[in-house]
Amino acid sequence: MHARARTSCRLGPNAWPNFMTDVAALDPPPLPPVPLPPLPAPPIGGPPPLPGMMRFLGSEGAYWQLRIRGAALLLVTLGIYRFWLMTDVRRFLWSNTEIAGETLEYDGLATELLVGFLFAIAILIPIYAGIAMATLAFELPDFASALGGLALFVVFGAFARYRARRYRLTRTVFRGLRFHQDGSGWLYALFAILWWSLIIVSFGLAYPWAQASLQRYMMRHTSYGKLPGRFDGSGWRLFVRGLPLWLVSLGPLLAAGGFAVSQIDWQALGSVDSDGSLKIDFAGPLGAEALIGFAVGGLGLSVLFAILLYPVFQAIVYRWWLSGLRFGDIAVTSRLRIGRVYVIYLRYVGFVFLFMIAAGAAGGLLFGAFFALLSAVQISTHQIPGRELIGAGVGLLVYAAFALVLAAMHQVLVTFGLWRAAAQSAEISNAPILDTIEAKAGLSSALGEGLVDALGFGSV
Amino acid sequence: MSTAPEMPAAPAPPPRGEAFYFDGITSKRHDVIVEAAASALRIIDDSQSHVVDAWNYADLRARSSPEGVMRLGRRGEVALARLEVRDAALAAAIDERAPALDRGGAADRRLRQRVVVLSLAAIASVVLTAVFGMPVLANKITPIIPLRIEKKFGEAIDRQVRTMLDAERSSEAFLCGAGAGEAPGRKALDKVVQDLEQTAHAPYHFHVEVVRQPVTNAFALPGGHIYVYDGLLKKSETAHELAGVIAHEMGHVVHRDGTRTVLESAGLSFLFGMMLGDFVGGGAVVIAAKTILSSSYSRHAEAAADRYSVELMQKAGGDPKALGAILSRIAADKDEGFELLRDHPETKNRIAAINAVSTEGRPQPLLSGAEWKALKAICAALPDSGASDNQAKSPDPSKPPTRAKPAPQAKP
């Protein structure tokens with residue numbers, strides 16, 4: 001932690017690598033040019049850090065420990081432990097996030113999450129039963145009930161995320177005051193669904209304005225104590241920064257698809273040859289195979305670019321989002337570097353790769369040892385009573401353990417990594433205001449969290 | 001109670017040190033001196049002029065904090081007053097005096113153990129509910145399901161069952177009776193079914209199909225769909241035997257055994273799905289169809305269906321004991337081929353029960369000789385797998401051991 005903080009100080013804004021400038025040129029006005037002396041990170045109990053600085057204090061090792069132990073307990077309890085794990089994780093992340101010398105505090109309880117989940121189940125069961133009954137009673141086709149279920153899933157999902165945010169904010173304590181959120185979860189769900197429909201229709205081009213609008217709604221209804229929040233990020237700004245990414249990743253697909261469509265002989269398409277079969281030479285002079293080839297190639301290139309550019313996208317969105325957060329006169333700025341996000345993902349890919357190899361090797365060795373043991377004691381597998389049941393059980397266990405370890409790796413290397421990077425990249429202005437804010441009363445229930453859990457959106 | 005010491009230099013015995021204090025009313029950070037006095041934790045203003053607050057040790061609670069910081073709040077607090085102690089010696093002294101603080105994590109470990117134990121208890125409880133509670137619940141709910149709904153439900157399952165049956169043999173039509181030369185057999189089958197249905201006066205319309213597979217089995221779906229495998233048809237020597245089997249399946253329909261089974265399995269998947277957090281899991285109909293295809297009913301349900309068959313056959317003028325005859329033939333075959341040891345004594349009991357309730361009487365022929373012959377040949381395309389025409393008393397070595405599906409128990 002010590003060394004890491006020092007590193008990030010050394011690579012301050014003046015030391016940005018040049019390849020960043022294309023994006024950095026579009027950054028919000030640079031920070032007041034306070035010359036940052038190359039301080040070592042002050043240890044806890046030592047002199048307080050620079051006013052307004054954000055840091056992350058926790059070590060990755062501690063988080064690994066938390067997640068791996070959590071995965072083991074999830075396995076043993078068939079997932080019931082998730083409420084306690086989630087609470088432990090949040091305690092860790094919150095209390096290690098330091099803003100202007102003070103850390104956050106998470107004071108939610110696992111039992112609240114459990115109750116919220118049970119509450120959500122109690123709401124969802126009659127709804128799903130009702131859909132099933134209506135399908136049978138009114139002779140609806142199967143897809144209608146599937147569609148109805150999906151619609152409910154989407155609406156409840158958006159509602160739940162808004163309410164879950166409210167729960168998390170009211171359980172977040174900073175300097176003896178809570179954060180708060182009001183506003184309507186249903187209204188938010190309506191906005192979210194409308195915006196996401198627009199995003200889909202516009203091939204993603206509406207994303208910046210959707211994010212800006214939804215963030216504005218959320219932050220307008222957020223406050224720290226009595227200090228109201230707002231969101232100042234502009235959709236245009238994000239659009240301008242993200243447009244190159246959009247062009248590069250969707251360009252090949254659109255170009256190839258557009259070219260293919262332009263080559264199609266629309267009059268020939270669908271008409272019938274003299275022998276009664278469908279005309280197949282509608283594809284113009286190049287032929288259908290060539291067009292399909294171009295389209296597939298375009299799609300492949302698009303997917304490749306999208307994967308390669310995803311960390312850039314995330315870095316841009318995170319930085320834009322953090323830099324748009326406001327509480328009264330307090331503004332957040334973020335200097336999250338794209339390279340940092342790439343390192344996070346490369347480490348994750350490397351870890352997954354190594355884990356796969358290690359798991360394969362371990363599995364092979366155990367398999368071999370098992371059969372060697374069997375032949376040593378001269379038992380054939382057919383003689384083991386209940387062998388099918390045991391086999392299925394072991395298979396299920398191995399699968400679950402494998403999935404849990406992979407999930408833990410993603411949590412530690414990506415989710416935690418991004419959290420830490422985002423926290424370390426950020427800084428707040430007007431930190432002295434933090435001494436003057438008054439408390440406001442009010443908590444919220446964990447229903448939203450329960451719905452999020454019951455509907456299967458995992459998050460931190 | 002006691003007043004603050006007048007001089008900071010006084011050698012006060014209680015440990016003290018610097019700390020940050022937030023009063024929970026504003027976000028201002030106060031630099032304070034904390035004194036771990038014997039009676040309470042005293043928070044003294046930086047200038048040491050007055051005591052800001054005194055917290056009882058019993059009320060102290062640890063709040064989430066980074067390594068090396070002790071963050072204290074109080075039980076039942078309304079304003080979130082916080083004390084942050086970074087002085088290790090002072091933190092240790094406070095920890096010693098406050099029983100509810102858990103610096104070593106012992107209480108945390110206890111809690112974790114309790115969660116694990118309670119979770120295991122919950123799992124055990126769910127399993128017990130699944131094994132004992134679900135059947136009772138399904139028994140209670142099944143009779144109150146409206147007939148209309150049950151029929152719709154049966155249609156949904158029927159579509160699924162058809163795709164499953166179809167997937168196994170794609171070369172020919174999986175149902176018999178529609179192909180070339182199969183129409184007379186279909187006509188004969190319809191005659192038998194119509195006879196039974198008219199006699200039964202049940203609120204169901206029965207659709208009976210013969211499946212082109214050499215399995216000796218038959219099954220019924222909720223709402224009136226009945227499937228008889230060709231293997232069973234080949235095994236039956238008289239129309240009475242086939243009719244007895246069909247009447248038995250009608251009994252399952254009328255008693256709603258299939259509906260009950262599906263309710264049970266849906267309840268189970270719901271129960272476990274909920275616990276594992278995967279709650280929206282689709283494909284309930286698939287699960288239901290698979291359940292029907294692969295599960296056998298309880299002994300009780302089978303006996304009830306047997307009695308229904310006997311009564312229906314008697315009313316229709318058929319031979320009620322024919323069901324027992326074909327059951328024993330199937331069971332004899334199974335004994336040779338499989339290790340389904342359980343089946344045999346059960347079948348014996350069933351046959352004895354069938355014979356006990358059957359009244360003696362001269363059965364009337366259900367079909368003419370020609371009609372029965374046509375019915376036997378309803379699956380023209382299937383090579384004759386059973387030696388049924390010349391008395392299938394000998395084991396049938398040509399019968400392949402059926403797929404993973406455990407269906408061919410003596411369900412009829």
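Predicted model: local features only at pLDDT ≥ 70, side-chain atom pairs only at ≥ 80, totals over all residues.
Modeller: Buried means under 20% relative accessible area, exposed means over 50%, and partly exposed is anything in between (1.4 Å probe, protein chains only). Residues are numbered from 1 along each chain as written, chains are lettered from A and ligands numbered from 1 in the order written, and side-chain values use heavy atoms, without hydrogens or water.

Biologist: Okay. Is Phe143(A) buried or exposed?

Modeller: Phe143(A) counts as exposed, because its relative accessibility is 57%. You'll find that residue in helix H6 of chain A, which covers residues 142–170. Helices (H or I, at least four residues) and strands (E, at least two) are DSSP runs numbered from the N terminus.

Biologist: How many helices and strands does chain A have?

Modeller: 13 helices and 11 strands in chain A. The chain has 460 residues, and 43% of them count as buried.

Biologist: And what share of the contacts in chain A join residues at least 24 apart?

Modeller: 77%, taken among contacts between residues at least 6 apart in sequence. Contact means heavy atoms within 4.5 Å.

Biologist: Let's look at the interface. How many residues does the contact take from chain A and from chain B?

Modeller: Chain A puts in 46 residues and chain B puts in 40. About 3,600 Å² is buried between the two chains, and carbon and sulfur atoms give 61% of that. Buried area is the accessible area (1.4 Å probe) that two parts lose on being put together, summed over both.

Biologist: How many salt bridges between chain A and chain B?

Modeller: Five. A salt bridge is a side-chain nitrogen of Lys or Arg within 4 Å of a carboxyl oxygen of Asp or Glu. There are also 12 residue pairs in polar contact between chain A and chain B, both residues at pLDDT 80 or more.

Biologist: Which elements of chain A give two or more residues to the side that touches chain B?

Modeller: Among them are helix H3 (60–76), helix H4 (82–95), helix H5 (110–137), strand S6 (177–181) and helix H13 (447–454) of chain A. H5(A) gives the most to that side, with eight residues.

Biologist: Are Arg71(B) and Glu105(A) buried or exposed?

Modeller: Both Arg71(B) and Glu105(A) are buried.

Biologist: Switching to chain A on its own. Which side chain meets Arg326(A) in a salt bridge?

Modeller: Asp232(A), at 3.5 Å, N to O. The pair links distant parts of the chain, 94 residues apart: Arg326(A) sits in strand S9 (residues 325–327), and Asp232(A) is in the loop between strand S8 (227–231) and helix H9 (235–263) of chain A. Arg326(A) counts as buried, because its relative accessibility is 16%, whereas Asp232(A) is partly exposed at 40%.

Biologist: Over to chain B. Where do Asp108(B) and Arg112(B) lie?

Modeller: Both are in helix H2 (residues 106–141) of chain B, four residues apart, which is about one turn of the helix. Asp108(B) is partly exposed at 29% relative accessibility, and Arg112(B) is buried at 14%.

Biologist: Which residues do salt bridges that share partners join into one network?

Modeller: Glu102(A), Glu105(A), Arg29(B), Arg63(B), Arg71(B), Glu77(B), Arg82(B), Glu84(B) and Arg86(B).

Biologist: And where is Arg350(B) found?

Modeller: In helix H11 (residues 343–357) of chain B. Arg350(B) counts as buried, because its relative accessibility is 11%. Its side chain makes a polar contact with the side chain of Asp306(B) at 2.8 Å. A polar contact is a pair of N or O atoms within 3.5 Å; within protein, one must be able to donate a hydrogen and the other to accept it, and residues adjacent in sequence count only if both atoms are side-chain atoms.

Biologist: Last one: where is Gln213(B) found?

Modeller: In the loop between strand S9 (207–211) and strand S10 (218–220) of chain B. At 3% relative accessibility, Gln213(B) is buried. Gln213(B) and Cys176(B) are 37 residues apart in sequence and 9.7 Å apart in space, C-alpha to C-alpha.
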